[in-house]
Amino acid sequence: MSETISVVLATYNGERFLEEQLQSLVTQTVRPFEVIISDDDSTDTTPDLLATFERSAPFPVKRWKNSPGLGFRENFLRAASKATGGWIAFCDQDDIWRQDKLEVCQRHFDEGVTQVVHQADLIDSTGTKIGLFSQGIEETRIRTALFYDVWETFLGFSMMVRREVLDIFPSNQRFVDYIEPKHLIAHDRWGFFLAQTLGKTAEIAEPLVSYRQHSSNLFGKSGRKQADADIRSKNQGYIDATRGMLACIEGLPEGTEARFPGFRRQAALRVYASALRQVEARGNIYELAGHMAFAEFIRLIKSGCYRSAQDGRLRWRSVARDLAFCFGV
């Protein structure tokens, strides 16, 4: 069971592109062990398409409908909790998987690897390739546990995680989402946090999914007063999430080290505690203005506050963001 793959597909009113995605699952060179489908109360023809797929698929399909809908976060995680394969591959309804996605990923299910991630091709609504989505993956290689910045992630469609990673901590006790703090953390960021804490990550420098791009809303710039309030609120979300990360590590059960030999509890505690101190300290800048804010920024950068808690790499985006705040940009 350790190398079997459960594909977890969450759907909601996906009739426009769903058939292409389902067909790309059927034509995989390595068949899924099972496909778990959770529909979030669709009102279009999605349930009919899924019923047809369930009857004709050459592998087991488990399907149900949430009524009322749960939202994509809970939809994905509840579906994942039903999976019985050794690995979970998250699947979005509107992408297209390369025929050998599962086969290529399976080659990297080595001992100690808890997560496999890959690049993607960007496609438009017609399926035309418009670019490469590398996610920072430059070559195929193995990354050690705790390699990534604690607030990084990979998108769900491009990752697989060992099922036991998601079993180690109840998903209903997960922390807030640092991107959208009004919600609990999304399924992919939750899986990434657990997987990169507990073991190694295999990066694959191949685009194994065609990631479909949709039109997005445009937002106008807010005034300075609103921008200040937004950055304070955003930083508080990161503080709350990082506190939750640390609490999760502290709450991992005895025996976690035996299940995940790459897990180093004390190292993990140091990394997440350091990250929390950094994001709390940066909050001081946002309570100041002008030269006072800049002086605090200089003090923090000298103290190492802008260096990754894992390996000391300078977090340039954080530096740029806080400099822009200091100068009112």
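N13 sits in the loop between β1 (5–11) and α1, where helices (H or I, at least four residues) and strands (E, at least two) are DSSP runs, numbered from the N terminus. This is a predicted model, in which local features need pLDDT of at least 70 and side-chain atom pairs count only at pLDDT 80 or more, while totals for chains, interfaces and linings use all residues. Residues are numbered from 1 along each chain as its sequence is written, and side-chain values use heavy atoms, with hydrogens and water left out.

N13 counts as partly exposed because its relative accessibility is 29%; here buried means under 20% relative accessible area, exposed means over 50%, and partly exposed is in between (1.4 Å probe, protein chains only). L146 has a positive phi too, of about 60°, and is not a glycine either. L146 turns up in the loop between β8 (141–143) and β9 (159–162), and with 12% relative accessibility it counts as buried. Another backbone detail is the peptide bond from S67 to P68, which is cis, with omega near 0°. P68 belongs to the loop between β3 and α3 (72–80).

Next come the helices. Two packed helices are described by the angle between their axes and the distance between the axes. For helix α1 (residues 18–26) and helix α2 (residues 46–56), the axes come within 11 Å and cross at roughly 20°. That angle makes α1 roughly parallel to α2. The axes are lines fitted to C-alpha atoms, for helices over the stretch in contact, and angles run from 0 to 180 degrees between N-to-C directions. Angles under 35 degrees count as roughly parallel, over 145 as roughly antiparallel, 65 to 115 as roughly perpendicular and the rest as oblique. The crossing of α1 past α2 is right-handed, meaning that the near helix is turned clockwise from the far one by less than a right angle, with anticlockwise giving a left-handed crossing.

Then there are the salt bridges (a side-chain nitrogen of Lys or Arg within 4 Å of a carboxyl oxygen of Asp or Glu). By this rule the count comes to 26. One of them pairs K62 with E34, whose closest N and O atoms are 2.9 Å apart. This pair links distant parts of the chain, with K62 in strand β3 (residues 61–65) and E34 in strand β2 (residues 34–39), 28 residues apart. K62 is partly exposed at 33% relative accessibility, whereas E34 is buried at 2%.

R243 also forms a salt bridge, with E280, and the closest N and O atoms are 3.1 Å apart. R243 lies in helix α7 (residues 224–251) and E280 in helix α9 (residues 265–282), so the pair ties together parts that are 37 residues apart in sequence. R243 is partly exposed at 42% relative accessibility, and E280 is partly exposed at 30%. Salt bridges with shared partners join E138, E139, R141, R143 and E203 into one network.

Finally, the surface: F294, F327 and V329 make a nonpolar patch of about 350 Å². Patches are made of residues with over 30% relative accessible area and no salt bridge, with like charges joined within 9 Å and nonpolar side chains (Val, Leu, Ile, Met, Phe, Trp, Tyr) within 5 Å. Accessible areas come from the Shrake-Rupley method with a 1.4 Å probe, and for residues only the protein chains shown count as cover. V329 is in the segment after α11 (316–326) and is exposed, with a relative accessible area of 79%.
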